[in-house]
Amino acid sequence: MGWIPFHDSANSKPLFFTIYATVIVGVVFSSFYVFSAIYSADSSTWFSSSSSSAPSLTGIIGLGEIEIFPFLGSRGTGLLNLGGKGEAFVVPLTFWVFLNVQLYCLQMEEGDGFDTVIYLYLYLDQRPNVSRGTNWVAVPVPPPKSHKYLNMSTRPIWEVPPPGEKMPSLKAFRLTQTLVARRVKDNVIIVTFGNYAFMDFILTWVKHLTDLGVSNLFVGAMDIKLLEALYWKGVPVFDMGSHMSTIDVGWGTPTFHKMGREKVILIDALLPFGYELLMCDTDMVWLKNPLPYLARFPGADVLTSTDQVVPTVVDDSLDIWQQVGSAFNIGIFHWRPTESAKKLAREWKEMLLADDKIWDQNGFNDLLRRQLGPSVDEDSGLAYAYDGNLKLGLLPASIFCSGHTFFVQSMYQQLRLEPYAVHTTFQYAGTEGKRHRLREAKIFYDPPEYYDSPGVDLEEEQVKPGCAEGVWSANTRLSGGFLTFKPSIPKRLLLDGEHNLESHFALINYQMKQIRTALAIASLLKRTLVMPPLWCRLDRLWFPHPGILEGSITKQPFLCPLDHVFEVNVMLKELPEEEFGPGINIREYSFFDHPLMPKQVKDSWLDVQLCREGSPGCNVTNNTSSLGIRFPKHSNEETFKSVFSSFKDVKVIQFSSMQDAFHGFTDKKMEEKFRKRVKRYVGIWCCVNNNAPGHIYYDMYWDEKPNWKPIPPQTPEDDHPPW
């Protein structure tokens, strides 16, 4: 690579490195002096005091990362200020030099493991018979190729490493100010972190930001498996050194709380770097570039999201802090590197490290509410908090949405606002429930095979070979195409009468029975069931309420997330087949409307019109027409298999209805396993006022129990799921 002095000294003590750097600077500097003295004897000074009388030397600088190259030009002006990102740019050098000089390379090893390379090319076009005083012109020379290690943090996001490149050492991913500086823009860095179990969330998080034109982001890897995977996908990543498990840890577990402490430690480590920090959980998605909004409040030390479910404003101003009674949510918050913010982060970290029983969010709330108020001024919406000096702003819950204001209330739609973000809080099925909600909203990115299973033999369901466990969810298994149906709900169940327990459960049970039939048919045909949209009359929470939250703007009825009724995590769980029968894959109700849905799936479609057996044209046949096929109601297992085995290559089969579509399993052992499986698919509604316990269990086979009513368990012995 040319002349590479001091390579070994870079690994030694900083004092020796400084000495060597000073030597090379002196050599080059002296060279300029010697040759200028030789060729400019009638000049009274080495550097001309007038730039107009000096020849213009242009240096082509191809550089790595360094703050300053300590050459001084006339009047003490800094000659070179090197802090770029591998670009080539032009720097005028205003001193007398009549020399063809080429300093090939000065390579320095920095403490973070990256190679910092400075390429300084000085070319002069020494044309013959040119007198002194003529302007010299630089020969245009392209900059050298970037050092491969520099590419790791400066190349565009999603640009994967070149073929044959080796994975850098872990030292290269260590969190340092230099490393972070390579991704900072306008003094802001956006950060999330997680382990390998959340890789699909992280990729979705990054994809949304890059689609919005935002690239000043970094991902903290809590395990080596995630770090390596993100590196090879071209995602900026640093090592958090956590050495955590690669599996999903689950909300509320000790490992979950450890992750929270890692967040606080990370914030405390980043703020001294001097950059604004937008810290995010991985289970949230950016829908609009938030940086212009955050810049509207330059006086804020901290801007945080909240769990507020009652609107305090109807525009995009900050929520009114006096009216926010809910918790400050640390899934989305913005920090400026002020002394007050750094003091808060430091005390927060010390609090959590001293007591492992404190939940990170509770600690944050306790510190901020130690002193809350008064307002900073009349207009900004900021308030003094914490120590009386920190200036706090509360991001509006209508556009920095929680799982409730986005998925249940649709607050941003009702207020005609554009949402910036959604955080998958207020949900009831763990990580799988979060993922499913984002899929329902069509804002989750899955691999191509999620949208187009190639189909399998109906006799054997396979698992996608090589599918990375934890990267894409379990329900990316191959299946024999998709099954869907048109749900039918009578108006009286949706709109008539009061919104109460009885009307809510009547509506849910009507839909549940159709879904139960669809699950049975999907199991028979080994197809993935596309769930229908689910309508609710009552909200679901963890505590007693009158049906919807008082003060919220929830409309009744409303399109409710699947996890309000169904245990999505159980539906996607690998249950033992010998006990529960074959697994049944599901997709979200908006599946066919997703922008990534391929045309070949939509074009491979069979409509099935249910008909009354014996009516004209209602025969058991696999002959199709332009309208699809007609299929008798109350058909049994053998009839389904015999007819639809002819359509195993069709991507989508859509039934006109599920009412009376299936008579039941012929194989009683199969039916027993199926019942055992789907009974576990439904959860609870919560919670009745003034009753303990206040929850009510949903029952997949409610229609088989005469006089079934939606009431809480009457005795401790009754307090269990109906299986």
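These notebook entries record what I looked up in the predicted model shown above.

**Ground rules.** I am working with a predicted model, in which local features need pLDDT of at least 70 and side-chain atom pairs count only at pLDDT 80 or more, while totals for chains, interfaces and linings use all residues. Residues are numbered from 1 along each chain as its sequence is written, and side-chain values use heavy atoms, with hydrogens and water left out.

**Overall make-up.** I looked up the secondary structure and found 20 helices and 30 strands, taken as DSSP runs (H or I of at least four residues for helices, E of at least two for strands) and numbered from the N terminus. Of the 723 residues, 53% are buried, where buried means under 20% relative accessible area with a 1.4 Å probe, protein chains only. For contacts (heavy atoms within 4.5 Å) between residues at least 6 apart in sequence, I noted that 69% join residues at least 24 apart.

**Largest nonpolar core.** I then turned to the largest nonpolar core, which has 58 residues; such a core is a set of buried Ala, Val, Leu, Ile, Met, Phe, Trp, Tyr and Cys residues joined through side-chain atoms within 4.5 Å. Leu519, Ile521, Phe566, Phe644, Phe655, Tyr681 and Met700 touch the most other members. Among the elements that give two or more residues to this core are α15 (501-525), β24 (605-611) and α20 (668-678), and α15 gives the most, with 12 residues. For Phe655, leaving aside residues up to four places away in sequence, I listed contacts that include Leu483, Ile521, Val608, Phe631, Phe640 and Phe644.

**Aromatic pairs.** I found 39 aromatic pairs in the structure, with rings of Phe, Tyr and Trp (its six-membered ring) pairing if their centres lie within 6.5 Å, and planes under 30 degrees apart counting as stacked, over 60 as edge-to-face and the rest as tilted. Tyr451 and Phe591 are stacked, because their ring centres are 5.8 Å apart and their planes at 10°. Tyr451 lies in α13 (residues 448-451) and Phe591 in the loop between β23 (586-587) and α18 (599-602), so this pair ties together parts that are 140 residues apart in sequence. Both Tyr451 and Phe591 are buried. Phe665 and Phe674 form a tilted pair, at 5.3 Å centre to centre and 50° between the planes; Phe665 has 6% relative accessibility and Phe674 has 7%. Phe665 and Phe674 also belong to one aromatic cluster, together with Phe631, Phe640, Phe644, Phe647, Phe655 and Phe662.

**Charges over rings.** Arg675 lies over the face of Tyr701, at 4.0 Å from the ring centre, and Lys676 lies over the face of Phe580, at 5.6 Å.

Methods:
Buried means under 20% relative accessible area, exposed over 50%, partly exposed in between (1.4 Å probe, protein chains only). A charge sits over a ring if NZ of Lys or CZ of Arg is within 6 Å of the ring centre and within 35 degrees of the ring normal.
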